[in-house]
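Please prepare a short briefing on the structure shown here, covering the fold, the overall dimensions and a few selected residues.

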Amino acid sequence: MTVKESDKEIEIKRLWWHSRRGMLELDVLLIPFIEDIYSSLNDEQQARHRDLLESEDPDLFMWFTTKERPIDPAIGQAVDLVLASVKP
């Protein structure tokens with residue numbers, strides 16, 4: 001394993017723990033996204049997702065239930081990616 005691979009694994013583990021929000025509704029969206037999708041995103045999309053994870057749980061809940069949209073369009077794109085990952 002190279003150092004670069006090790007760094008990526010550490011980042012994924014850190015993001016996985018950061019995705020555990022304490023709200024089941026958020027956990028069932030964010031954790032599978034990290035496990036299954038995050039690594040396939042480009043650098044810009046990954047950065048947006050990391051920024052998304054800095055948001056407060058009530059905001060995330062409103063965005064993921066589509067009751068509100070984020071003011072920041074980049075965060076909105078990250079929300080859209082997560083929602084698209086769960087749609088059939």
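## Briefing

The protein chain contains five helices and zero strands, where helices (H or I, at least four residues) and strands (E, at least two) are DSSP runs numbered from the N terminus. This is a predicted model, in which local features need pLDDT of at least 70 and side-chain atom pairs count only at pLDDT 80 or more, whereas totals for chains, interfaces and linings use all residues. Residues are numbered from 1 along each chain as its sequence is written, and side-chain values use heavy atoms, with hydrogens and water left out.

**Overall form**
- Along the principal axes, the C-alpha atoms of the protein chain fill a box of roughly 45 × 25 × 25 Å.
- Of the 88 residues in the protein chain, 33% are buried (buried means under 20% relative accessible area, exposed over 50% and partly exposed in between, with a 1.4 Å probe and protein chains only).

**Aromatic pair**
- The structure holds one aromatic pair, formed by W16 and W17, which is edge-to-face at 5.0 Å centre to centre and 80° between the planes (ring centres of Phe, Tyr and Trp, its six-membered ring, lie within 6.5 Å; planes under 30 degrees apart are stacked, over 60 edge-to-face and the rest tilted).
- W16 is partly exposed at 24% relative accessibility, whereas W17 is exposed at 55%.

**Residue Q46**
- Q46 lies in helix 3 (residues 43-52) and is buried, with a relative accessible area of 13%.
- Leaving aside residues up to four places away in sequence, Q46 touches Y38, S39 and L41, contact meaning heavy atoms within 4.5 Å.
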